[in-house]
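I opened this structure to see what its side chains do. These are my notes, in the order I looked things up.

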Amino acid sequence: MADGCDAFEPLGSAWVDGELRHDERANMAAHLQGCPRCRSRITGLRITSTMLRSVPQRQVPMELGGVRTDATPVPVAADASGLPRALARSLAGMAAAVALLGVAAFAAGAPDTDARTVAVPVDVYVADHIVHSIGGPVSTPALLSAQP
Amino acid sequence: MNPRTARPVAGTAAVGRAASAVLLIAAVLVAVLGPVAKAEPAPRWRYLLDRAAQAAEERAYAGEALWVTYDAGQAHVSTFQVQSSGNGDLSLADSDNYAIRLADDGGGLAEYERGWFVPLPAADLAKAHKGLSRLEEKYQVAVTGSQQLLDRDCTTLEITARAGGGLVERLWIDDASGLLLRRETYAGDELLRMVSYLALDLNPRRTPRGAPTAQRATRGQRPSMVRRSQEVAEVDSADLEVLRDAGWTVPTALPGNYRAESSFAVSAGDSQPLQVVYSDGLYTMSLFEQSGRPNWDTLPPGAQETTDLGFKAYTWPGAVPQRMVWEASGVTYSLVGDAPPEEFRAVVAALPHPTSDGLVDRLQRGLGRLWSWVSPWS
């Protein structure tokens, strides 16, 4: 280990993050040119920094002291029943559809008063019946009484 | 060999051969005729009823008949004239009210009071013998004795129900002509109705001059009458299936062992009723179904509203055949038949009828209508 590595080692993270002053950067650059060990350490720090920047930030729940900012995505909150809000909206929609169907069915199920009326020639029906039943096994001459 | 004994030996052999031939012939006859000889003879009641059906068509006769029906303890009495030509032409008339003619080539119904005439389809008067086998499924028939009626020797028969053994019918059949002279219908021990000849002429004159009103009417329409059109076409089982799938009520059987025997499409006036004829072997009922609500004002006189079955219907107390009209779900039903009143009511109860219009009924009806509007199969 070259002389002065102990003095430059604490500056390694600041060197990677570009936070050193101008004179500190000049001294650090002169040291790294002559110190393979420090150059290897700086390389490790750059890789670690890059990896840390690629991991998505996890939002800290408000209950745990998280701070909401404009750039912070709003988490999906649960409703009072404990169901996710999307599921609750779906159930509400289905209930509304069922209620709408019920109202439509009630309206459509009104008694039909507009159906056409037909004449009922019962006396002719009696004669038609006799024509087709006169041949019964116990055939009487007549089973007809148009009038009681 | 002893010559005195040789001739007897030859004669014995000939007798033996003859006996063998006789036995062989007898065996053949027994083999052929045995099954026939062992067959049970047809019951006498069957012969009598078949003969009565044939006589109704084939004999010429004229007479006056009495009708008595009992409804809720009240008797309804009427008389009518009967005339048979002896070749399949039968007419029945009440000179003040109606005349009906039944014939193999078609007949007609003339209604005097309202002044109209309607043609009727051909009637097969002699087909009764075809239904005798079904009679035994539900009933028992027995010859019970002999009695005199109209000074004529008659054989009496009784028909009882197999279930319960209750008396159903009592019949008097004329021994000489085979005609059915009197018929009493019972429900248990209660007499429901009776029809009997008051006078009978087995040698009627043919087309006499100055014929009474009944005979003129039986020849058809009077000039002053309005002719109502009616066409009847038989509907086969394949067409019935199509109608059934389209929503028509066409049961193949009804309570009381009534089975559908024939069906007809009737074209009359403003509707096309479907007629299905049911029989249990003894009684017959016709169900008429019309698409549309009934115009109650068009019902024949004598109709009375009833709600005994839990819904509005119209009946004609004391009339035979019985008749009832009601409406269910926009369809008009008319049931006509000569079954005992309890069986008649059981059939009506089994057919579609209006139910109490509660919330559930209304929602079910509404969902059905909504589905019919959107479904491609409706």
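**Entry 1: aromatic rings**

I began with B:Trp296, which is partly exposed at a relative accessible area of 23%. I keep in mind that this is a predicted model. Next I checked B:Tyr314, and this residue is buried, with a relative accessible area of 14%. The cut-off for buried is under 20%, so the two residues get separate labels.

I then searched over all chains and found 5 aromatic pairs. B:Trp296 and B:Tyr314 make one of them: their ring centres are 4.7 Å apart and their planes meet at 40 degrees, so I noted the pair as tilted. Where do B:Trp296 and B:Tyr314 lie? B:Trp296 is in the loop between strand E18 (293-294) and strand E19 (304-306) of chain B, while B:Tyr314 is in strand E20 (residues 313-315). The pair therefore ties together parts that are 18 residues apart in sequence.

I moved on to B:Trp326 and B:Tyr333. Their rings are stacked, at 5.6 Å centre to centre with 20 degrees between the planes. Both B:Trp326 and B:Tyr333 are buried. I also saw that ring pairs join B:Phe311 to B:Trp326 and B:Tyr333 in a cluster.

**Entry 2: charges over rings**

I looked for charged ends above rings. In chain A, A:Arg25 lies over the face of A:Trp15, 4.7 Å from the ring centre. In chain B, the charged end of B:Arg182 sits over the ring of B:Trp172, at 5.2 Å from its centre.

**Entry 3: salt bridges**

How many salt bridges are there over all chains? My search of the whole structure gave 15.

I picked A:Arg21 and A:Glu24 as one case, with their closest N and O atoms 3.3 Å apart. A:Arg21 is exposed, at 51% relative accessibility.

Then I turned to B:Glu137. B:Arg134 forms a salt bridge with B:Glu137, and the closest N and O atoms are 3.8 Å apart. Both residues are in helix H3 (residues 132-138) of chain B, 3 residues apart, about one turn of the helix. Is B:Arg134 buried or exposed? B:Arg134 is buried, with a relative accessible area of 12%. B:Glu137 is partly exposed, at 38%.

B:Glu137 also meets B:Arg259 in a salt bridge, 2.6 Å from N to O. This pair links distant parts of the chain: B:Arg259 is in strand E15 (residues 258-267), B:Glu137 in helix H3, and they are 122 residues apart. B:Arg259 is partly exposed, with a relative accessible area of 37%. Shared partners join B:Arg134, B:Glu137, B:Arg259 and B:Glu261 into one network of salt bridges.

**Entry 4: chain A, outside and inside**

I found a nonpolar patch on the surface, formed by A:Leu87, A:Leu91 and A:Met94, with about 290 Å² of accessible area together. A:Met94 is in helix H5 (residues 85-108) of chain A. A:Met94 is exposed, with a relative accessible area of 53%.

A:Ala127 gave me a contrasting case. This residue lies in helix H6 (residues 122-133) of chain A and is buried, at 1% relative accessible area. What is A:Ala127 in contact with, leaving aside its neighbours within four places in sequence? The contacts are B:Ile100, B:Leu109 and B:Leu120.

**Entry 5: chain B overall**

Chain B has 7 helices and 22 strands. Of its 378 residues, 44% are buried. Among contacts between residues at least 6 apart in sequence, 48% join residues at least 24 apart. The accessible surface of chain B is about 19,500 Å², and 53% of that belongs to carbon and sulfur atoms.

Technical notes
Residues numbered from 1 in each chain as written. Chains lettered and ligands numbered in written order. Predicted model: local features only at pLDDT ≥ 70, side-chain atom pairs only at ≥ 80, totals over all residues. Heavy atoms only, no water. Helix = DSSP H or I, 4+ residues; strand = E, 2+ residues; numbered from the N terminus. Buried < 20%, exposed > 50% of the residue type's maximum accessible area, 1.4 Å probe, protein only. Contact = heavy atoms within 4.5 Å. Areas by Shrake-Rupley, 256 points an atom, 1.4 Å probe, with all protein chains shown as cover. Patch = residues over 30% accessible without salt bridge, like charges linked within 9 Å, V, L, I, M, F, W, Y side chains within 5 Å. Salt bridge = Lys/Arg side-chain N within 4 Å of Asp/Glu carboxyl O. Phe/Tyr/Trp six-rings, centres within 6.5 Å; stacked < 30°, edge-to-face > 60°. Lys NZ or Arg CZ within 6 Å of the ring centre and 35° of its normal.
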